[in-house]
Amino acid sequence: MTKVNRAIVVSEALGLLDEVGLDAVSTRRLARRLGVEQPSLYWHFRTKKDLLAAMAEAAMAPHAAAPLPAPDDEWRAWFLDNMRSFRRTLLMRRDGARLHAGSTPANDLDRIRRKMDFLAASGVPERDAQMAMLAAGRFTVGSVLEEQADAGSGGDAGPPADLPADLPVIDHESAFEAGLALILDGLVNRTAMRDAALPVAGHRTTTRTGRVR
């Protein structure tokens, strides 16, 4: 019987994913691929859900290994590059977006906090930074989900018949970049509005009662 460990199981499971797609991944197929009996997999993963979670975490390794932002990085450029890295990583695996959707990056929480700290230190309101990162992340997953579904169907069928014939066809990457830019523009505008509302340093205003605030 082949000697396997947790890392080998996950690696082979991702290889199986690339070959057959997420719907066809099963512990029975994986055991056959590894040359072991199916029950032996439960030494490493109690359920298929546990296996999929480990696969999702391993699939994110390229993005998780990307450098964290440096204090002198320009935050707008970093925001775009971070989401582009996320998209590239999702596209590395067949059904990568479906595998990732709903997963909880338990081992990535420290990196997420450091990214949030960087944005806050760059002047972005904390709540807006959180919501923008969440929105951009979900937008990225959705974009890749559509792209991979299109690729799975052949991707050459053209637009639906009930749409105007002269409707411009936008490729997936261009659509992603346009949507990402709109999210960033919204965050930039909200940051500017917050900055404009802040009192000027050293300037004091008074109420009608003469109290400084």
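Helices are DSSP runs of at least four residues, numbered from the N terminus, and L187 lies in one of them, helix α9. The model described here is predicted.

**Overall make-up**

- From the N terminus on, the order of elements is α-α-α-α-α-α-α-α-α.
- The protein has 213 residues, of which 32% count as buried.
- Among contacts between residues at least 6 apart in sequence, 76% join residues at least 24 apart.

**How helix pairs are described**

- Two packed helices are described by the angle between their axes and by the distance between the axes.

**Helices α1 and α2**

- Helix α1 covers residues 6-20 and helix α2 covers residues 27-34. Their axes come within 10 Å and cross at roughly 110 degrees.
- That angle makes α1 roughly perpendicular to α2, a description used for angles of 65 to 115 degrees.
- The crossing of these two helices, α1 and α2, is right-handed.
- On the α1 side, the residues that meet α2 are I8, V9, E12, A13, G15, L16, E19 and V20. Their partners in α2 are R29, L30, R33 and L34.
- Sorted by class, the contact of α1 with α2 has seven nonpolar, one polar and four charged residues.

**Helices α8 and α9**

- Helix α8 spans residues 126-152, and helix α9 spans residues 172-197. The axes of α8 and α9 come within 10 Å and cross at roughly 170 degrees.
- The two helices, α8 and α9, are therefore roughly antiparallel to each other, since angles over 145 degrees count as such.
- The α8 residues in this contact are D128, A129, A132, A135, A136, F139, T140, S143, E146, E147 and D150. They meet H172, A175, F176, G179, L180, I183, L187 and R190 in α9.
- By class, the contact of α8 with α9 has 10 nonpolar, four polar and five charged residues.

**Helices α5 and α9**

- The axes of α5 and α9 come within 11 Å and cross at roughly 145 degrees.
- Helix α5 passes α9 in a right-handed crossing.
- From α5, the contact involves W75, R76, F79, L80, M83, R84 and R87. From α9, the contact involves H172, E173, F176, E177, L180, I183, L184, L187, V188 and T191.
- The contact of α5 with α9 has 10 nonpolar, two polar and five charged residues by class.

- Leaving aside neighbours within four places in sequence, L187 is in contact with W75, F79, V124, D128, A129 and A132. Of these partners, W75 and F79 are among the α5 residues that meet α9, while D128, A129 and A132 are among the α8 residues that meet α9.
- V188 is also placed in helix α9. At 24% relative accessibility, V188 counts as partly exposed.
- With neighbours within four places in sequence left aside, V188 is in contact with W75 and R76.
- V188 and R76 are 112 residues apart in sequence, and their C-alpha atoms are 8.1 Å apart in space.

- D128 is found in helix α8 and counts as buried, at 14% relative accessibility.
- Residues up to four places away in sequence not being counted, D128 touches L187 and R190.
- M131 is placed in helix α8 and is partly exposed, with a relative accessible area of 37%.
- The C-alpha atoms of M131 and L187 are separated by 9.2 Å, although these residues are 56 residues apart along the chain.

**Residue D95 in a loop**

- D95 is placed in the loop between α5 (75-91) and α6 (96-100).
- Most residues other than glycine have a negative phi. D95 has a positive phi of about 55 degrees although it is not a glycine.
- At 15% relative accessibility, D95 counts as buried.

Key. Residues are numbered from 1 along each chain as its sequence is written. This is a predicted model: local features need pLDDT of at least 70, side-chain atom pairs count only at pLDDT 80 or more; totals for chains, interfaces and linings use all residues. Side-chain values use heavy atoms; hydrogens and water are left out. Buried means under 20% relative accessible area, exposed over 50%, partly exposed in between (1.4 Å probe, protein chains only). Contact means heavy atoms within 4.5 Å. Axes are lines fitted to C-alpha atoms, for helices over the stretch in contact, and angles run from 0 to 180 degrees between N-to-C directions. Angles under 35 degrees count as roughly parallel, over 145 as roughly antiparallel, 65 to 115 as roughly perpendicular and the rest as oblique. A crossing is left-handed if the near helix is turned anticlockwise from the far one by less than a right angle, and right-handed if clockwise. Ala, Val, Leu, Ile, Met, Phe, Trp, Tyr, Cys and Pro count as nonpolar, Asp, Glu, Lys and Arg as charged, and the others, Gly among them, as polar.
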